[in-house]
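Thanks for coming. Please have a look at it first.

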Amino acid sequence: MTERVCEPDVVNIYSLIDTLYKADRVDEAWAMFCRMKEMKLPPTVVTFNTLLAGLGREWKVQEAVEIFESITAQGCYPNTITFNTLFDCLCLNDEIDKALKFLFEMTTRYSFPDVFTYNTVIYGLVKENRVNDAFLFFHQMRKMLYPDNITLCTLLPCFVKDGWSEDAF
């Protein structure tokens with residue numbers, strides 16, 4: 001029988017899940033998440049963010065979308081970081097149209113895009129060679145937020161490729 005120093009709680013179980021994901025032990029992290037439910041420990045939005053990030057790194061897009069869609073049913077509400085993690089997963093896996101669908105949903109759930117949100121979506125659009133859409137997002141972003149170096153470095157090759165190098169700055 002294992003002697004416990006302390007009873008498991010949400011924080012230390014989350015820490016274990018996060019550590020397992022970072023060690024590329026995704027199946028064990030998922031099993032620990034499932035055990036949380038058995039232990040009657042409610043997952044937090046931070047736990048869901050970790051799950052989404054891990055699934056994205058493992059190219060498990062459908063599972064990530066299913067987890068995202070189940071968050072509110074489990075008593076949590078996605079925040080900007082949750083949406084950004086989902087966008088990152090979708091864009092890395094060439095699912096920009098799904099990301100755009102969730103971007104619209106983001107504002108209806110009282111979360112608002114930040115610079116990371118725009119950078120991720122712009123990157124996804126550029127990656128899929130939808131440069132005009134990327135520039136539209138860039139112009140929309142500039143109405144509310146200041147682009148950063150990542151934004152500009154993502155778009156700069158598009159300016160040069162399309163012969164707009166003088167318009168880059």
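Before the first pair of helices, one definition: an axis here is a line fitted to C-alpha atoms, for a helix over the stretch in contact, and the angle between two axes runs from 0 to 180 degrees between their N-to-C directions. Two packed helices are described by that angle and by the distance between the axes. Keep in mind that this is a predicted model.

First, the overall layout. The chain has 9 helices and 0 strands, so from the N terminus the order of elements reads α-α-α-α-α-α-α-α-α. Along the principal axes, the C-alpha atoms fill a box of roughly 70 × 30 × 25 Å.

Now the first pair. Helix α7 covers residues 115-127 and helix α8 covers residues 131-144; their axes come within 8 Å and cross at roughly 165°. That angle makes α7 roughly antiparallel to α8, because anything over 145 degrees counts as such. The crossing of α7 past α8 is left-handed.

Which residues of α7 and α8 meet? From α7 they are Val115, Tyr118, Asn119, Val121, Ile122, Leu125 and Val126, and from α8 they are Val131, Asp133, Ala134, Phe137, Phe138, Gln140, Met141 and Met144. Sorted by class, this contact has 12 nonpolar, 2 polar and 1 charged residues.

The second pair is α3, residues 45-57, with α5. Their axes come within 9 Å and cross at roughly 10°. Are α3 and α5 roughly parallel or roughly antiparallel? Angles under 35 degrees count as roughly parallel, and α3 and α5 are therefore roughly parallel to each other. On the α3 side the contact is made by Val45, Asn49, Leu52, Ala53 and Gly56, and on the α5 side by Ile81, Thr82, Thr85 and Cys89. By class, that contact has 5 nonpolar, 4 polar and no charged residues.

Staying with α5, which spans residues 80-92, take threonine 80, which lies in this helix. A polar atom of the threonine 80 side chain is 3.3 Å from the backbone oxygen of phenylalanine 112. If we leave aside neighbours within four places in sequence, threonine 80 is in contact with Met106, Ser111, Phe112, Asp114 and Thr117.

Last, the aromatic rings. The structure holds 6 aromatic pairs. One of them is tryptophan 30 with phenylalanine 33, a tilted pair with 5.3 Å centre to centre and 35° between the planes. Both residues are in helix α2, residues 26-38, and because they are 3 residues apart there, about one helical turn separates them.

That is the end of my part.

Technical notes:
Residues numbered from 1 in each chain as written. Predicted model: local features only at pLDDT ≥ 70, side-chain atom pairs only at ≥ 80, totals over all residues. Heavy atoms only, no water. Helix = DSSP H or I, 4+ residues; strand = E, 2+ residues; numbered from the N terminus. Parallel < 35°, antiparallel > 145°, perpendicular 65-115°, else oblique. Left-handed = near helix turned anticlockwise from the far one by under 90°. Contact = heavy atoms within 4.5 Å. Nonpolar A, V, L, I, M, F, W, Y, C, P; charged D, E, K, R; others polar. Polar contact = N/O pair within 3.5 Å; in protein donor to acceptor, adjacent residues only side chain to side chain. Phe/Tyr/Trp six-rings, centres within 6.5 Å; stacked < 30°, edge-to-face > 60°.
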